[in-house]
Amino acid sequence: MPVFLYVLALAVFAQGTSEFMLSGLVPGIARDLSVSVGAAASLTSAYAIGMIVGAPVMAALSARWPRRRALAGFLAAFVVVHVIGAVTTDFAVLFGTRVVAAIVNAGFLAVAMSVATALVPGERRGRATAVLLSGVTLSCVAGVPAGALLGDWSGWRSAFWAVAALCLPALALVFRQAPADAAGRAEVSVRREAGALRSRRVRWAMVLAAVVNGATFATFAYLAVIATDIAHLPAAAVPALLAAFGVGAFVGVTTAGRTADGELGRGLLLALCVLPVGWAVLAATSAHTAPLFAVTIVQGALSFGIGSTLVARVMHVAPQAPSLGGSFATVALNAGAFLGPLVAGVATGATGDYRDAAWVSTALAATAVAAVAVSRAGVARGEVEVEEAGY
């Protein structure tokens, strides 16, 4: 793999830490800025919405920019808004910085995906995507628990300063090493690329990515309260549980990167069938510490392994959209990350049992399995052309 891919992964690690670290900082933000816990928690939704809206818009705007300028510009803006967030005493300003941070994060990730896939041969695009997304999984392993601990020790503002500082080495390396135009492309046609993304195969891959990621984050958003309220673990055990999920996620993405080629092969289909079973086991055994940690690791591996393969799938079935394909894969993932916890919140609010978040994940993952089964059955019966199916 080109060394520059790991530079991009470092930046993605910092951005992933920023996206997920809010879960451990909400109480401190609420106290310091004199807002309710619910208002402080809305910062997470602000980030998800910014990612969903920002990905296609920023990818379209930056499609004709030199790659170096786009990557450096997005990353520099990310640093600036975190500095503003770290010093502000106004909750509205902080909320705004989260939206802007998400928008530039989405733009960076969309461009980074197009660069990553352009730097390697077609058969290695799945692995390149996995290397890039390993930054996200490493943020779950190390960044999010570290952010929670740093927030406890030095206050929530220190976590914002840490993210800004973490971006600076990546920014310097982007200025030095990023290709001015990763693939030496001719002028990008946004309209042509957008047309390529309307194909059934692309839409199907994005829907699957959204549903699987919705299942992932429906439970991930509630892991802390499952640990403390269901398993009755001390609050100090929460970073360890989050790190366990992250370790599994890293293993899953790494494994998928070595085997994924953008096709829905037997390995992926088997993992997809196991996924809802794993969420059901977590729901049923989450009151016990050992099973909770063990299944959390397994589900982290399955969820992120499948998710990264589906991202590679989007890029694989949209070769005519190298600039916008990554942005729409980002939209799919973040749509799932937004809607999954929302549905889980409705379910747990109605029942008062946080284990129902895992049952929501079970239902979403089972829906993905059923959709794949129905589509494959249709292909087998000859009801749709293979090129127009989701495979």
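**Fold and salt bridges**

Analyst: Of the contacts (heavy atoms within 4.5 Å) between residues at least 6 apart in sequence, 84% join residues at least 24 apart. This is a predicted model, where local features need pLDDT of at least 70, side-chain atom pairs count only at pLDDT 80 or more, and totals for chains, interfaces and linings use all residues. Residues are numbered from 1 along each chain as its sequence is written, and side-chain values use heavy atoms, with hydrogens and water left out.

User: How many helices and strands in the protein?

Analyst: 15 helices and zero strands. Both are DSSP runs numbered from the N terminus: helices are H or I, at least four residues, and strands are E, at least two.

User: What share of the residues is buried?

Analyst: 54% of the 391 residues. Buried means under 20% relative accessible area, exposed over 50%, partly exposed in between (1.4 Å probe, protein chains only).

User: And the accessible surface of the protein? What does it come to?

Analyst: About 15400 Å², with 67% belonging to carbon and sulfur atoms. That is Shrake-Rupley with a 1.4 Å probe.

User: Switching to charges. How many salt bridges?

Analyst: Two. The criterion is a side-chain nitrogen of Lys or Arg within 4 Å of a carboxyl oxygen of Asp or Glu. One pairs Asp-32 with Arg-157 at 2.9 Å, N to O.

User: Where do Asp-32 and Arg-157 sit in the chain?

Analyst: Asp-32 is in helix α2 (residues 26-33) and Arg-157 in helix α7 (residues 156-177). They are 125 residues apart, so the pair links distant parts of the chain. Asp-32 is partly exposed, at 43% relative accessibility.

User: Which residue does Arg-355 bridge to?

Analyst: Asp-353, with the closest N and O atoms 3.2 Å apart. Arg-355 is partly exposed, at 29%.
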